[in-house]
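Hi,

Here is the structure I said I would pass on. Have a look at it first, and then read my notes below.

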Amino acid sequence: MKILCCIKQVPEKDARIRVASDGAWIVEEGISWAISECDRYAVEAALRLKESIGGEVCVLSVGDDKASKGIKEALAMGCDRAIHVQTDAVARADAVTIAKVIARAAKDEQFEAVFCGVQSDDLGYNAVAPAVAELLGARHMQIVLSVEPVGESALKVSHELDNNLIETAEISLPAVLGVQTGIYDVRYASLKGIMSAGSKPQTRYSLEDLGLSEAELAPKVTIESLAVPERTHQAEMIEGDPATMAHTLVEKLKTQAKVL
Amino acid sequence: MAKKILVVAEHRDGALKGITKEALTAALQVADDAAEVSAVILGQGVDALADELASWAPGGVVLFEGSEVEQYTPEVYVKVLGDFIKESGAELVLTGNSYQAIDYFPRLAAVLDAPLVPDCTAIESDGDKLVFVRKVMNGKLDARCTVNGEGPTLVSLQQGAFPPSGAPGGGAVEKKAVDAGGIEPRKILSIEPGETGEVDLSEAEIIVAGGRGVGDEEKFKLVFDLAEALGGAVGASRPPCDSGWVESFRQIGSSGQVVAPKLYIALGISGAIQHLVGMRGSQCIVAVNRDPNAPIFQEATYGLVGDLAEIVPALIEAVKESQEA
C-alpha cells in the first residue's frame with residue numbers, strides 16, 4: 001500500500017512562548033522545535049499499517065529548515081522516503097490553505113492511505129485531515145483511535161464521537177485519517193534508522209514547483225494579533241513555603257470553601 | 001455586525017445539544033438583526049427538535065429529513081450542507097465545536113473554499129469587520145483573527161464560550177427532502193460507549209487528578225497518596241492516560257468522564273480546554289502547577305505554584321493533621 005504521513009514542526013510543549021514585536025507571531029529564535037505530538041502518532045500509525053500489509057511510507061512536511069529536522073526523525077523512525085515542501089509562507093496560514101499545499105504535493109503520487117495528526121500543537125485547527133481529503137477526493141475520518149486493513153481496498157477505522165462514544169466504520173480507499181494521541185506506543189528511532197535516514201530519498205518542492213496560484217495561497221484567515229489571554233477569573237493564589245501553603249490551603253478548604 | 005447567519009444544529013438521542021444553543025446565542029449576539037438568524041438541522045423524526053430550534057432562530061429553520069441523515073455521516077452532511085449554504089447566501093455559518101463538527105466542518109470549508117475559524121472563544125467587532133478569537137500554542141496565547149474574501153465564513157465555537165441566553169422565539173420550520181444524489185456514505189459498523197472501567201468518577205465527592213506535569217508513572221503515586229489521604233478518587237487528564245501511567249478510564253475531559261465533585265484537585269494539569277470541559281462544574285477547584293501562567297489557574301478557586309514533589313507530601317501531612325485535630 002502507498003502510505004503517506006504528514007508532520008509539522010511546532011514549538012516544544014514546554015517552550016517559553018513570547019509574542020514577536022510585530023504582535024502577530026511568536027519569537028521563533030531560542031526555542032526548541034519538535035514534531036507535533038499527534039503527528040508522531042500519525043507516523044506510528046503509517047508504519048504499523050505498512051508492517052501489517054506491506055508497501056511504503058512516505059513522510060511529508062511543509063516548512064523551512066525546521067521541517068528538515070522532523071523529516072529526518074521520521075525517516076529514522078522507519079519512513080522510506082520524504083517530500084519536503086520548502087516554504088515558510090504558510091506557517092501562519094489557515095487550515096484550508098495548508099491543506100491545498102499538502103494535497104498538491106501529494107496528488108500525483110496517488111497515496112492510498114494518508115495519516116495526519118488530528119491537531120497540531122501550535123495553531124491547533126483540528127482541521128487539516130478532512131480538508132486534505134476533500135481536495136484529494138478521498139474519504140476521511142478525524143480523531144482516529146484504531147486502524148486495520150480490510151483487504152486491499154478498505155480500512156476499518158474507529159474514532160471518537162462526543163459523549164465518550166466510539167464509532168467504527170469501514171471506509172474505502174483512498175482515505176485521509178486524523179490520528180489521536182495515545183493510541184499506540186510510538187517507537188523511537190533505532191541507531192540503524194538514524195544511520196540510514198540521511199541516505200533515504202527526499203523530494204523537495206518549492207511553492208512555485210507545485211504551481212499553486214497566488215489566489216490559491218492567499219490566506220483566508222489572518223492572525224491580526226497574539227496575546228496572553230486576558231484573565232477573566234484568577235485563582236486565589238496561596239503563597240509561602242510548601243508546609244505553609246499546605247496548611248493555609250487545608251484551612252481554607254475547611255472554613256472558606258467548606259468542602260472538607 | 002453580521003447579516004445572514006446560519007447555525008448548524010446538532011442533536012443526539014432525541015435532544016438538541018447544548019453547544020447548538022450556545023451557537024444560537026452567539027449568532028443572536030453578533031447579528032445586526034435577529035430576524036437574520038436561521039438554523040438548519042438534519043435528521044429523521046426530529047420534528048420536535050426543529051420546533052425547539054425555531055424558538056431560537058427568528059429567521060426560521062430548515063429541516064432536512066430523510067433516512068440518509070438518520071445517522072451522521074460526513075459524506076452526506078457535507079453534500080447537503082454545502083449545497084444549502086451556497087443556496088442560502090449565509091455570510092456566517094456557526095456551529096458548536098463538537099467532535100462531530102471536527103470531523104466534517106473542515107471538509108465543508110474545503111468544499112466551499114471558505115475561511116474556517118475552528119474552536120472560537122469570542123467574536124468581537126472592529127469597525128465593519130468581525131474579529132474571531134481562538135486559542136493557539138496549546139492555549140498559551142489568544143489569536144485575534146479576521147477573514148478575507150467573499151462568501152461564507154465557517155466558525156466553530158468552543159464549548160462553554162457562549163453561555164446560552166433565553167430563546168427569543170419566532171421562527172418557522174421548513175422541511176426539505178435530502179438530496180444526497182450519488183453520495184455513498186461510509187459503512188458504519190458500530191457506535192459504542194468508550195471504556196469506563198470500574199471507577200465511576202461522576203459519583204466521587206473528592207477527586208485528585210494528575211496531568212503531564214506529574215512527570216512519570218512512578219511520581220503519579222503522589223496523586224494516589226493524596227487521594228487516599230482525602231478519601232477521594234483518582235482522575236487524570238489525557239497525557240498520563242496516553243503515556244500509560246494510569247488506566248484510560250480515569251481520563252476526565254471531552255474524551256473521558258465529565259465530573260462535578262465538591263473538591264477537585266488538579267496536580268500538574270495545565271488546563272487544556274479538552275480537560276476543562278470535563279471538570280469545570282466542580283464546586284471548588286485547587287490547582288497546583290509549576291507554571292504560574294498555566295491556564296488552569298483561571299479556572300481554579302485556589303492556586304499553588306511550585307514543585308509537586310514538595311507540595312503534595314506537605315498537603316498529605318496537613319490533611320492528616322487536620323483529620324486528627
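How many residues of chain B are in contact with chain A, and how many of chain A with chain B? Keep in mind that this is a predicted model. On the chain B side there are 82 residues in contact, and they meet 81 residues of chain A.

Now for the area. The size of an interface is often given as the accessible area lost when the parts come together. Here chain A and chain B bury about 7300 Å² between them, with 54% of that on carbon and sulfur atoms.

The rule finds eight salt bridges across the interface. Arg139(A) forms a salt bridge with Glu75(B), and the closest N and O atoms of that pair are 3.0 Å apart.

What does the chain B side consist of? Helix α4 of chain B, residues 99-112, gives the most to it, with nine residues. Sorted by class, the side of chain B that touches chain A has 40 nonpolar, 24 charged and 18 polar residues.

Strand β12 of chain A (residues 221-227) runs antiparallel to strand β9 of chain B (residues 141-147), and six bridges link the two. To find one on screen, pick Leu226(A), whose bridge partner in β9(B) is Ala143(B).

Cheers

Terms used. Residues numbered from 1 in each chain as written. Chains lettered and ligands numbered in written order. Predicted model: local features only at pLDDT ≥ 70, side-chain atom pairs only at ≥ 80, totals over all residues. Heavy atoms only, no water. Contact = heavy atoms within 4.5 Å. Buried area = accessible area lost by both parts, 1.4 Å probe. Salt bridge = Lys/Arg side-chain N within 4 Å of Asp/Glu carboxyl O. Helix = DSSP H or I, 4+ residues; strand = E, 2+ residues; numbered from the N terminus. Nonpolar A, V, L, I, M, F, W, Y, C, P; charged D, E, K, R; others polar. Pairing = 2+ DSSP bridges.
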